[in-house]
Amino acid sequence: GSEMCIRDSSYIYIVNNLERIADLSEGYALMVDNKRRQGLSFSPKAHHDLLTLQGKVKEFIELIVSAIKDYKLQNPDEIYKRARELESSINAMEDRMRNSHVERLWRQECDSNAGLIFIDILTNFEKIGDHCFNIVEMLTGRK
């Protein structure tokens, strides 16, 4: 059938990407902590944007976790298609949020220090998405 198994060499690649996701997740936690310690706050719009993006990233992580568990992928094409949608959705959101953030800065609607952390978090989430996509590519035999 169309079942696929993960080759040994692929495991190293997958683990490396999982490790990067873990590092980036830790980085995110540190940024949030740093923001709290400095007593900074995001505008309601920035806060809402981050929660939305975080939700997408969480969905992507859940997708790779279930794909790794189901190591004889029953439906690699479906998983790949979903991953491509998530990846481009995360990239588009990151882009849009970055632009509206720049507009908020121009209108002086947010603190520039909080703004720097906001941008770092956006970049962080976008990178997590990239690593999730790398994993799906490997799992579905596209890499």
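The protein chain carries 20 positive and 23 negative side chains, and the centres of the two sets lie 2 Å apart. In this count Lys and Arg are positive and Asp and Glu negative, with His and the chain ends not counted; each charge is placed at NZ of Lys, CZ of Arg, CG of Asp or CD of Glu. The model is a predicted one, in which local features need pLDDT of at least 70 and side-chain atom pairs count only at pLDDT 80 or more, while totals for chains, interfaces and linings use all residues. Residues are numbered from 1 along each chain as its sequence is written, and side-chain values use heavy atoms, leaving out hydrogens and water.

Turning to the overall fold, the protein chain has four helices and zero strands, giving the pattern α-α-α-α along the sequence. Helices (H or I, at least four residues) and strands (E, at least two) are DSSP runs numbered from the N terminus. The C-alpha trace spans about 60 × 25 × 20 Å along its principal axes. Among contacts (heavy atoms within 4.5 Å) between residues at least 6 apart in sequence, 86% join residues at least 24 apart. Of the 143 residues, 40% are buried, that is, under 20% relative accessible area with a 1.4 Å probe, protein chains only.

Beyond its neighbours within four places in sequence, Val 136 touches Phe 60, Leu 63, Ile 64, Ile 79, Tyr 80 and Ala 83.

Next come the aromatic rings. Three aromatic pairs are counted, taking Phe, Tyr and Trp (its six-membered ring) with centres within 6.5 Å; planes under 30 degrees apart are stacked, over 60 edge-to-face and the rest tilted. Phe 42 and Phe 118 form an edge-to-face pair, because their ring centres are 5.8 Å apart and their planes at 75°. Phe 42 lies in the loop between H1 and H2 and Phe 118 in helix H4, so this pair ties together parts 76 residues apart in sequence. Phe 42 is buried at 16% relative accessibility, as is Phe 118 at 1%.

Definitions and conventions:
Buried < 20%, exposed > 50% of the residue type's maximum accessible area, 1.4 Å probe, protein only.
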